[in-house]
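Work through the following exercises with the sequence and the coordinates at hand. Each task is followed by a solution that goes step by step.

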There are 2 protein chains.
Amino acid sequence: MDAFNTTIQLSETDRIARLRLIRSDNVGPRTFRSLLAHFGSARAALERLPELARRGGAVRAGRICSDNDARDELAASARRGVSLLAPGEAGYPPRLATLDDAPPLLGVRGAREALTRPMIAIVGSRNASGAGLKFAGQLARDLSSAEFVIVSGLARGVDQAAHRASLAGGTVAALAGGHDRIYPPEHQDLLAAIIDQGGGAISEMPLGHEPRARDFPRRNRLISGSALGVVVVEAAHRSGSLITARMAAEQGREVFAVPGSPLDPRAAGTNDLIKQGATLVTDASDILQALAPIMERPLTPAFREDDEQLAADPQANERDRIVSLLGPVPVSIDDLIRMAETSPAIVRTVLLELELAGKLERQGGGMVSLIQR
Amino acid sequence: MDAFNTTIQLSETDRIARLRLIRSDNVGPRTFRSLLAHFGSARAALERLPELARRGGAVRAGRICSDNDARDELAASARRGVSLLAPGEAGYPPRLATLDDAPPLLGVRGAREALTRPMIAIVGSRNASGAGLKFAGQLARDLSSAEFVIVSGLARGVDQAAHRASLAGGTVAALAGGHDRIYPPEHQDLLAAIIDQGGGAISEMPLGHEPRARDFPRRNRLISGSALGVVVVEAAHRSGSLITARMAAEQGREVFAVPGSPLDPRAAGTNDLIKQGATLVTDASDILQALAPIMERPLTPAFREDDEQLAADPQANERDRIVSLLGPVPVSIDDLIRMAETSPAIVRTVLLELELAGKLERQGGGMVSLIQR
């Protein structure tokens with residue numbers, strides 16, 4: 001991966017092969033990366049998918065995205081001004097590209113310049129207080145004046161206030177559905193204004209994909225992953241913004257939180273974040289000060305190349321031993337490697353086969369579990 | 001000083017001599033301690049005061065409190081239920097006794113039991129918001145239920161709310177004036193209720209002393225010094241509660257602060273404290289958790305015995321050298337010892353002489369400066 005210092009440009013054939021691979025059943029961003037690293041190209045990986053899934057015990061083959069479907073998606077996307085970009089291509093947010101589960105192809109719309117400048121995420125309650133909305137706007141304006149792009153989730157409340165206040169400086173909306181399935185629908189106009197004024201929108205979902213509840217946490221990793229840090233403005237206990245903050249921490253991003261009265265339930269989540277070590281924010285300067293040293297460091301990928309190694313063909317007894325160690329309770333891949341008493345490459349290969357067979361679920365933080373049927 | 005493990009009891013003669021010494025001109029708590037350590041008794045120190053002041057260049061001798069005046073103060077105090085106690089006597093708050101500037105005689109009124117139990121200070125704005133007052137009360141009630149005595153300053157606002165909510169569990173008011181000069185006057189009834197319900201009041205000032213502005217910061221060190229930690233509930237920038245928090249930090253006490261919205265100026269001070277490292281409080285459990293390990297440590301004095309050493313009689317040229325290093329800008333005693341190229345005992349003795357001559361001012365944190373006339 002040389003996505004961090006140079007700009008790459010996929011051939012049209014490669015882009016179509018990659019799109020087919022990521023749109024095929026049971027292929028997520030991590031699996032995509034393993035397959036690409038092991039087989040050298042998306043085309044080669046596509047050819048091996050049926051065999052790998054069969055070895056993982058698939059009862060029937062998963063659907064593989066056809067060449068035609070991929071071409072249709074590319075064309076439809078282009079008509080809507082959406083480019084499907086690989087990490088390292090111009091317009092792919094550079095920090096997002098460093099994630100180990102960066103979208104292999106990201107649908108981007110709008111100004112490439114805004115999408116590649118340093119970003120700060122501002123997120124928070126959909127039903128924020130007047131003070132929360134005012135503060136979110138003030139903060140977005142100040143960070144925007146300091147040349148940062150504001151990234152958020154286009155939701156009601158804090159997200160909306162942050163986008164609106166940073167329209168002129170460039171703001172990016174990360175979407176949970178396809179680029180033609182805006183949620184909430186009444187924010188179509190806000191998105192249009194974002195694009196009009198030199199901002200952008202990103203999504204890893206195909207056109208036509210209606211956002212479901214489970215797509216939002218997944219989308220949240222794009223918000224935190226694109227940014228140097230995430231600012232949480234008002235969040236109740238167990239709110240979605242706290243998921244974004246947790247992802248930010250896992251991704252090595254800075255977490256900032258705006259304090260509030262202990263008697264205000266809308267501040268319970270942000271006060272908790274501060275207790276857990278988030279930086280307290282009362283002013284944009286708190287954020288700029290914390291980020292200055294980080295801005296100077298070069299971007300580095302979150303994963304190591306040797307995480308990619310797969311084995312040629314695990315023995316049946318090795319496969320059985322690994323499967324017997326798995327269950328519905330998530331276990332870490334590191335523990336699995338220790339307990340299986342075999343090479344990391346073999347464990348990773350068996351996990352990949354199981355995943356392609358639709359039997360394995362990857363959790364955050366390197367945890368895996370069997371899917372119960 | 002064995003004030004921390006055993007209980008001492010002064011003789012009446014010694015108590016009167018100590019009262020004369022601390023009520024004499026230019027004798028503060030630190031000077032008192034130096035004199036007592038060097039001359040062995042308050043009576044011996046009293047005899048030497050004129051000579052020391054003359055050596056420090058006093059133009060005219062400072063007033064020395066007479067035996068009669070001291071006896072009168074003791075008797076008048078007793079009639080009002082006020083005992084004048086030395087550090088280590090039963091009823092002197094044990095943590096307060098560990099300070100290097102602990103009052104040599106503290107006027108205490110009320111229940112000795114409340115005055116010697118572990119205390120937590122709650123302080124904050126006089127013009128607190130409804131939410132701030134409610135939270136202060138809630139916190140005081142919860143900490144009181146956890147067997148802590150609440151110490152505060154009897155002021156309007158947060159202090160009053162904290163005292164009221166902890167009346168039943170025992171609460172202590174630290175006064176800036178004499179025990180018969182209550183400020184604000186309308187809190188006479190609150191103080192009466194505090195004493196009635198098994199709480200207490202402390203002051204280092206003589207009866208009849210009207211509290212002046214500069215007495216409040218001095219009093220604040222009694223609040224923080226008596227307590228394991230200080231909780232600041234709502235405080236604007238530059239408010240008196242922040243002085244108490246700074247003193248608490250200098251005294252090695254825990255500092256707790258209640259967060260608030262960045263748009264609320266009454267939370268600006270507390271949010272700043274959290275940025276500087278104070279523990280964020282949304283609940284009494286945040287405080288109890290932080291204090292649990294500290295409760296288990298034995299009490300230790302904040303000073304070392306060898307800080308007390310004085311020299312028999314500095315040479316004139318040594319005295320001149322030290323005086324020439326002093327000026328209106330505060331300098332640390334440690335720097336002074338280094339720059340004077342003489343023994344710490346000689347520097348301390350010259351400083352003591354200057355102080356008794358009314359020429360030296362001691363600032364916090366071991367800093368001294370010359371008083372400009």
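A salt bridge is a side-chain nitrogen of Lys or Arg within 4 Å of a carboxyl oxygen of Asp or Glu. The structure is a predicted model, in which local features need pLDDT of at least 70 and side-chain atom pairs count only at pLDDT 80 or more, while totals for chains, interfaces and linings use all residues. Residues are numbered from 1 along each chain as its sequence is written, chains are lettered from A and ligands numbered from 1 in the order in which they are written, and side-chain values use heavy atoms, with hydrogens and water left out.

**Exercise 1. Describe how α2 and α3 of chain A pack.**

Step one: helix α2 (residues 29-39) and helix α3 (residues 42-55) of chain A have axes 9 Å apart and an angle of about 110°, where axes are lines fitted to C-alpha atoms, for helices over the stretch in contact, and angles run from 0 to 180 degrees between N-to-C directions. Step two: α2(A) and α3(A) are therefore roughly perpendicular, since angles under 35 degrees count as roughly parallel, over 145 as roughly antiparallel, 65 to 115 as roughly perpendicular and the rest as oblique. Step three: α2(A) brings Leu35(A), Leu36(A) and Phe39(A) to the contact, and the residues from α3(A) include Arg48(A), Leu49(A) and Leu52(A); contact means heavy atoms within 4.5 Å. Step four: the contact of α2(A) with α3(A) has 8 nonpolar, no polar and 1 charged residues, with Ala, Val, Leu, Ile, Met, Phe, Trp, Tyr, Cys and Pro counted as nonpolar, Asp, Glu, Lys and Arg as charged, and the others, Gly among them, as polar.

**Exercise 2. Describe how α3 and α15 of chain B cross.**

Step one: the axes of α3 (residues 42-55) and α15 (residues 344-356) of chain B come within 7 Å and cross at roughly 100°. Step two: α3(B) and α15(B) are therefore roughly perpendicular to each other. Step three: Leu49(B), Leu52(B), Ala53(B) and Arg55(B) of α3(B) make the contact with Thr349(B), Glu353(B) and Leu356(B) of α15(B).

**Exercise 3. Characterise the interface between chain A and chain B.**

Step one: 17 residues of chain A are in contact with 17 residues of chain B. Step two: the area buried between the two chains is about 1,300 Å², of which carbon and sulfur atoms give 75%; buried area is the accessible area (1.4 Å probe) that two parts lose on being put together, summed over both. Step three: in chain A, Pro262(A), Leu263(A) and Lys275(A) lose the most area to chain B, together 41% of what that side buries. Step four: 2 salt bridges are counted between the chains, and the side chains of Lys275(B) and Asp286(A) meet in a salt bridge at 2.8 Å, N to O.

**Exercise 4. Locate the peptide bond between Tyr183(A) and Pro184(A), and give its omega.**

Step one: the bond is cis, with omega about -10°. Step two: Pro184(A) lies in the loop between β5 (171-174) and α8 (188-196) of chain A.

Note on methods:
Helices (H or I, at least four residues) and strands (E, at least two) are DSSP runs, numbered from the N terminus.
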